[in-house]
Amino acid sequence: MKQVQLITDGACLGNPGPGGWAYVLRFGEHKREMSGFVPHTTNNRMELMAAIEGLKALSEACVIEVVTDSEYLKNGITTWIHSWKKNGWKTAAKKPVVNQDLWTELEAAVGRHKVAWTWTKGHANHEDNNRCDELATQAARQYK
């Protein structure tokens, strides 16, 4: 299987407000950047969309390192989702899981691959994460 790195980020101008998502996909010397916007959304939804869109861009099963600055995204897909599903998509507080539609979509996208999740500090020294932030913010601003 090909080994790729997927770096993702989401942005929102206001929360909720106009939002953007972006990813950088790296395979060897190849690099692909993509971004998109949603007119009215939240930052967490944009973090999820960035990962979903990046994973959907892969045409075959891969070994992937997903790099995100969102603890919500990383913890949600690696830890919390198991309890949510077991509890009928309810949180520990017995409330409906926010963004269930996107968590379901993300889980399906992850299922095709071998995925490792890495958290990086946002707005710090990770060049591709900074680029994703720039692209996601640009996408949100273009809409606004």
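Student: Which residues in α1 meet which residues in α3?
Tutor: From α1, Arg45, Leu48, Met49, Ala51, Ile52, Leu55 and Lys56 take part. Their partners in α3 are Asp101, Leu102, Trp103, Glu105, Leu106, Ala109 and Val110. Contact means heavy atoms within 4.5 Å. Helices (H or I, at least four residues) and strands (E, at least two) are DSSP runs, numbered from the N terminus. The model is predicted, so local features need pLDDT of at least 70 and side-chain atom pairs pLDDT 80 or more, while totals for chains, interfaces and linings use all residues. Residues are numbered from 1 along each chain as its sequence is written, and side-chain values use heavy atoms, without hydrogens or water.

Student: At what angle do α1 and α3 pack?
Tutor: At about 25 degrees, and their axes are 9 Å apart. That makes α1 roughly parallel to α3 (under 35 degrees; over 145 is roughly antiparallel, 65 to 115 roughly perpendicular, the rest oblique). Axes are lines fitted to C-alpha atoms, for helices over the stretch in contact, with angles from 0 to 180 degrees between N-to-C directions.

Student: Now α2. Where does α2 bend?
Tutor: At Trp80, by about 60 degrees. That is the angle between axes fitted to the seven residues ending there and the seven starting there.

Student: Which residues in α2 are buried?
Tutor: Tyr72, Leu73, Gly76, Ile77, Ile81 and Trp84. Buried means under 20% relative accessible area, exposed over 50%, partly exposed in between (1.4 Å probe, protein chains only).

Student: What covers the buried residues of α2?
Tutor: The cover includes three strands, β1 (2–12), β4 (62–68) and β5 (114–119). It also includes the helices α1 (43–56) and α3 (100–111).

Student: What comes after α2?
Tutor: Gly88 follows α2, and its phi is positive, near 65 degrees. Trp89 has a positive phi too, near 60 degrees, and is not a glycine. Most residues other than glycine have a negative phi. Trp89 lies in the loop between α2 and α3. At 15% relative accessibility, Trp89 is buried.

Student: And His123, is that buried or exposed?
Tutor: Exposed, with a relative accessible area of 63%. His123 sits in the loop between β5 and α4. Its phi is positive, about 55 degrees, although His123 is not a glycine.

Student: New topic. What is the peptide bond from Asn15 to Pro16?
Tutor: That bond is cis, with omega near 15 degrees. Most peptide bonds are trans. Pro16 is in the loop between β1 and β2 (17–27).

Student: What does Thr41 touch?
Tutor: Asn15 and Pro16 are among its contacts, along with Cys12, Gly17, Gly19 and Met46; residues up to four places away in sequence are not counted. Thr41 belongs to strand β3 (residues 30–41). At 4% relative accessibility, Thr41 counts as buried.

Student: How many residues apart in sequence are Thr41 and Asn15?
Tutor: They are 26 residues apart, with 7.2 Å from C-alpha to C-alpha.

Student: Last one. Is Thr8 buried or exposed?
Tutor: Buried, with a relative accessible area of 0%. Thr8 is in strand β1. Leaving out residues up to four places away in sequence, Thr8 touches a list including Ala22, Tyr23, Ala50, Ala51 and Leu73. Ala51 is also one of the α1 residues that meet α3, and Leu73 is one of the buried residues in α2.
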